[in-house]
Amino acid sequence: MSWVGRLLARQGIDLRQVAALFVMYLKQDLRSGKSSLSFRRGEYVTSNWGLILTLGIYSFLGLTTGSLVFAGVDVLLFSVIVLSFTLFIVALALSAESGNVILNESEADILGHLPIGSKTLFIAKVMNLLAFTLALATAANLFPTFFGVWAGGSNVFFIPGHILSATMVSLFATALIVVSYGVLMRLVSKDRFDNIVAYSQAVLTMMFMLGPQLIPRLMDRNHLKLVAGFQRYFLLYPPAWFSGITMLFVGRFDLDTLALSSIGTASLLVLGAVALKKVAVGYSGLAGKLASASGSVTTDSVVSAARQASKSRARSPSGDPVIQAMKARLLRSSVERAVFDLVSIYLRRNREIKVRLYPSLAYFIFYPLIAIFGQGLVDPFSKRGFALFPLVGAEMVCFVALTAVEGLLFSEDYQAAYIFEVAPLPALRQVYAGFRKAILVYIAGPGYLALFVLYSIFWRNPVDAFLILLPWMMMAPGVLAVPFLLGRRIPLSRKYQKGQQSSRNLGVFLFTLIGLSSVLGVQILATNGTIPYWLFLVLVAVPASIFYLVATRVRGSQGSPHTIENHAENAGRPELN
Amino acid sequence: MIVLDQLTKVYGEAVALDHVSLQIPSGQLLGYLGPNGAGKSTTVKMLTGMMAPTSGTAEIYGLDIQRDNLEVKRMIGYVPESSAVYETLTGREYLQLIGRLYGMEDRLIDERIGRFGEFFELEPGTLNGKRLSAYSKGMKQKVVISAALIHNPRVIFFDEPLNGLDASTALMLKTLIKSLAADGKTIFYCSHILDVVERMCDRIVIIDHARVVADGTLAELQSSSGEGSLERIFNKLTAHTDVEERAEEFSKTFSY
């Protein structure tokens, strides 16, 4: 055993086990989920196209962010902006992926009985998470790392400084998420853990996303102005702490940069110590407890299953007459009702789905909150100021709903989707309809309702609130039909793999940004009075209705009989004997 | 030697295992039976260190399953009912992972993989070239069993190990299990296939509603219950004596 191994062994960490687990996790992440009949060496690196695509897109976004340097930005501000972007994308990825890494219940049967210490398992999982976030951060900072040399007051030492600070930002975000999970695992009872984790991750995502926007607005009201030099809010702003380290590398030794770098380093050390001393110890036991409580690991857990069943009966919508009446109207066929119930139950009860999807739900409230803390949530019809963000908020409900569609394709229970192959479904249209309607009712509907309430309160004008949201509500059913035009979309039918959620979220985000921005633009013109608002509503309603009617005619084929999809496309299903 | 002393597991108000005490000497092949939800898997998960008991103790070769958790895990092997594996790995990669996690040398791991591959007739092309996701259920089960035995454990927990195995492999495995017991290993065998348990096991423990309702050799159980086959003994002890009548009645509801 090497001296490193001996040192770690004294801390209860088995280096060889950490290496074995880490390599295994990497193989799982880098290989595609497809079940191929032969294994080629090249598949190690190239076959998880979701991950490759995500890295490619982040590199491009990094290129555009890094191009700020050519606007003559000061090196400190440039570093803060780039590291803010890094923190943003790392947070997005962590919110989508971390739950699946840290709380992987399906692993309990594989690893639970093996002689792996808590700290060893914890370290391996954190390394897995960190490898993913570092890959994303590397992609995002590929161009800015070199572009920064040309920032005002910079020099060639910006490169090593920025590499270090970007790494520390990734470490910081990862450590924060891990510690938050660890605290929750200890403090919260098993029964409430699912919801608390999902909602807390949503809050954390909001903090990561809002922080870069809110803190500048709150402290200095600089909004989008590019202001050189140290700003007071930097002391409360994590990306700025690590920018301080970059500044030390480029030779800016002053009290401000020393303070920033000290805060950043100290925060990382504190989080790391808490993670290792508090979270790592007993991690296996906590994770095992959660796995056994969920009932998804043991087939003999009648107790936990009985408890869950009684809760589900209490919460089941089948007992509510309003819901029943609505379902009778909305869901004409039994297939639609079956899929609607399946999707809605998983949205409400499944921990893995909740932890993966709920953080994304924060996006629709993101822009209105920026407006509230910035120039105020202005009624677009009032023409009293900058009123883009309420409209973007409405647009983002579509984004959130599309994210939910993509996210719900994946589940740890993917093997149960065989039922969609063996059931007598001549076409998948009704499956798609039930799936879409569940998202409309449980995601889009509450999103619009929340925005309606928010806007009505702030504007004291519910009519304006309704009119702003109306075009987006009309478009939502059609927008939700788009993914089903691109391929089979059976809910909960694919095995989840790292990078899938992030890359799909990105794809959906770009579609929303590019595809729906034209509508946003016309709505701005309509609220300004450039075109009559009623005309805008008609221009939205007619094509949206036609598109919806056409798109929902897509039949979708069930697939050839007696097989569970084409094996080359199917992730993780066993061959039939 | 496995010793359970008043082992209990409670979830809120529900008792999953109720003060179970057992002693299982080395080399014994114990059949552990019970209806669904009786507490079998709960027992196994506590003994394999995957779940902490609410009260009571359990020791494996003198080591407490809670206090000496890692040491206990080093000497046990476990074949779960779920046959869960990391499906992105090939069979060889999975067994190498397990071997390394048990602290085995790579040379020994490779040697054992070769031997298990031969025994279970897993071709090198399959073991090395196909991911576990492409394996049939039976092939996957062979890998899971290999993983449980690769480190030569002293105690082995089997939970429905014959799932998915063809007849000849099942026979091979049953013979292997009996040989392992004869070699002094302690075997804890959970199954619903009563005729296999009846023929294989030295001793049978039946658990129902979290409690042990029978414990003895087949002959002892037959004598105490007055029934012949293990199936009838089981149904009598778990209060399922009218299953045939109920099945016949129920089938009539499907007649056209």
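In strand β4 (residues 55-60) of chain B, I60(B) is the residue that stands opposite I2(B), and this pairing belongs to an open sheet of four strands in the order β2-β1-β4-β5 of chain B, paired in the antiparallel sense. The model is a predicted one, in which local features need pLDDT of at least 70 and side-chain atom pairs count only at pLDDT 80 or more, while totals for chains, interfaces and linings use all residues. Residues are numbered from 1 along each chain as its sequence is written, and chains are lettered from A and ligands numbered from 1 in the order in which they are written. Helices (H or I, at least four residues) and strands (E, at least two) are DSSP runs numbered from the N terminus, and two strands pair if DSSP finds at least two bridges between them.

**The four-stranded sheet of chain B**

- Strand β1 (residues 2-11) of chain B pairs with β4(B) over five bridges in the antiparallel sense, and within this pairing A58(B) of β4(B) stands opposite L4(B).
- Strand β2 (residues 14-24) of chain B runs antiparallel to β1(B) and is joined to it by seven bridges; in β2(B), L22(B) is the bridge partner of L4(B).
- A hairpin is formed by β1(B) and β2(B), with two residues between them, and G12(B) in the turn has a positive phi of about 60 degrees.
- The edges of this sheet are β2 and β5 (63-64) of chain B, each of which pairs on one side only.

**The six-stranded sheet of chain B**

- Chain B also has an open sheet of six strands with mixed pairing, in the order β6-β7-β8-β3-β9-β10; β6 (76-79) and β10 (211-216) stand at its edges with a single partner strand each, so one side of each is left without a neighbour in the sheet.
- Neighbouring strands of this sheet are turned against each other by 15 degrees on average, direction ignored, where axes are lines fitted to C-alpha atoms, for helices over the stretch in contact, and angles run from 0 to 180 degrees between N-to-C directions.
- Strand β7 (residues 155-159) of chain B runs parallel to β6(B), the two being joined by four bridges, and V155(B) in β7(B) stands opposite I76(B).
- Helix α6 (residues 137-149) of chain B packs on the sheet and touches β6 and β7 of chain B, its direction making about 170 degrees with that of β6(B).
- Helix α1 (residues 40-47) of chain B lies across β3 (29-33), β7, β8 (186-190) and β9 (203-208) of chain B, and runs at about 150 degrees to β7(B).
- β9(B) and β10(B) run antiparallel and are joined by five bridges; I207(B) stands opposite V212(B) in β10(B).
- These two strands, β9(B) and β10(B), form a hairpin with two residues between them, and H209(B) in the turn has a positive phi of about 50 degrees.

**Helix packing in chain A**

- Helix α7 (residues 118-141) and helix α9 (residues 158-187) of chain A have axes that come within 9 Å and cross at roughly 140 degrees; α7(A) and α9(A) are therefore oblique to each other, on a scale where angles under 35 degrees count as roughly parallel, over 145 as roughly antiparallel, 65 to 115 as roughly perpendicular and the rest as oblique.
- α9(A) passes α11(A) in a right-handed crossing, and the residues in contact include L164(A), M168(A) and F172(A) of α9(A) and F242(A), I245(A) and F249(A) of α11(A).

**Confidence in chain A**

- Within chain A, confidence is highest in helix α8 (residues 144-147), at 95, and lowest in helix α14 (residues 302-315), at a mean of 45.
- Over residues 294-318 of chain A the pLDDT stays under 50, and the model has 35 contacts beyond four places in sequence for this stretch.

How values were computed
pLDDT is the predictor's confidence in each residue, from 0 to 100. Two residues are in contact if their C-beta atoms, placed from the backbone, lie within 7 Å. A crossing is left-handed if the near helix is turned anticlockwise from the far one by less than a right angle, and right-handed if clockwise.
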